Amino acid sequence: VKLSGQLVYSAGSNDISLIELRSLKYYSLGLFSTDSINHLTKLSDRVILFEDCTGIRKPNCLLREFDIDAKTSSTLRSGYLPTYIPESKTLLFYDLDEGSGQKWLYVADMRTPSIAQKIAKAPADMVLPNSLTYPLITQPLQISNDEVIFVGEDQDLWIFQISNSKLTPTGIKASAPYVWRKRTQQLISYNWKSQEFYQITLKTGHAEKLPQLKGASGLVYLPNDDVIIYGKSRMRMLISETYDIFAYSFDTKKEIKLRTRSHISSGVWLP
């Protein structure tokens with residue numbers, strides 16, 4: 001499996017790590033005074049943005065910039081699940097509306113992130129048969145220079161066009177978007193009813209099951225190599241779970257293990 005560039009990722013705890021994908025060398029980029037680092041997005045080839053959540057600050061999280069070379073971070077604003085669109089210098093994220101207590105999807109110019117406009121209400125959590133809740137909200141996913149796809153309040157997938165603030169329904173239901181496969185212009189999403197990953201052609205709605213991603217989490221796409229990196233759990237000594245990080249190549253139809261006993265909750269690819 002051919003790999004290039006770097007993977008910057010978090011295990012969901014208080015650290016950020018980096019893997020040089022050609023040599024598979026691993027580096028720790030530092031620990032942070034927080035409970036949870038999640039949902040990374042790339043601002044530039046050397047700067048990322050992440051969601052910083054701590055128990056004492058709930059229910060709101062902070063969006064923080066991190067300079068990989070300087071290893072310094074700074075707070076941008078409150079929010080969750082950030083996605084940066086470089087072509088329009090636009091930031092999309094979820095945040096709480098203080099008046100209603102409802103979580104909304106917002107859009108802001110990266111140069112003035114404190115000024116944000118509401119796009120759509122976030123979907124409510126799904127209540128499982130065992131009374132636990134399953135969050136349906138995910139990071140907005142960029143699918144073109146001017147569009148993102150996200151889970152709407154009605155639990156269907158919607159497309160938001162940034163330049164004219166236009167919302168368009170896709171008709172795709174019970175699906176969480178995770179990866180835009182640039183090589184084929186297809187959406188890779190997780191259907192929470194069938195508990196399977198699918199590759200969907202948006203124009204036709206045709207969906208193809210991806211059994212090789214069964215049980216995968218923290219998906220990161222490498223556009224240059226048409227490869228997906230993800231984590232999977234396995235039983236260890238029949239009493240506990242451990243995680244490994246894998247890469248799957250669409251070209252060779254092969255999966256390789258990148259790192260043993262290591263978890264990826266969220267990550268970004270850097271060229």
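Aromatic contacts in the predicted model

Phenylalanine 246 has a relative accessibility of 12%, so this residue counts as buried; the cut-off for that label is under 20%. The values here come from a predicted model. Tyrosine 230, at 0% relative accessibility, is therefore buried by that cut-off as well.

In total, the structure contains seven aromatic pairs. One of them joins phenylalanine 32 and phenylalanine 50: the ring centres are 5.4 Å apart and the planes meet at 65°, so the pair is classed as edge-to-face. Phenylalanine 32 sits in the loop between strand S3 (25-31) and strand S4 (36-42), while phenylalanine 50 belongs to strand S5 (residues 47-53).

Tyrosine 230 is part of strand S23 (residues 227-236) and phenylalanine 246 is part of strand S24 (residues 240-249), so the contact ties together parts that lie 16 residues apart in sequence.

Phe32 and Phe50 belong with Phe66 to one aromatic cluster.

Rings also meet charged side chains. Arginine 181 places its charged end over the ring of phenylalanine 250, at 3.9 Å from the ring centre. In a second case, the ring of tyrosine 26 has the charged end of arginine 259 over it, 3.7 Å from the centre.

Note on methods
Residues numbered from 1 in each chain as written. Predicted model: local features only at pLDDT ≥ 70, side-chain atom pairs only at ≥ 80, totals over all residues. Heavy atoms only, no water. Phe/Tyr/Trp six-rings, centres within 6.5 Å; stacked < 30°, edge-to-face > 60°. Helix = DSSP H or I, 4+ residues; strand = E, 2+ residues; numbered from the N terminus. Buried < 20%, exposed > 50% of the residue type's maximum accessible area, 1.4 Å probe, protein only. Lys NZ or Arg CZ within 6 Å of the ring centre and 35° of its normal.
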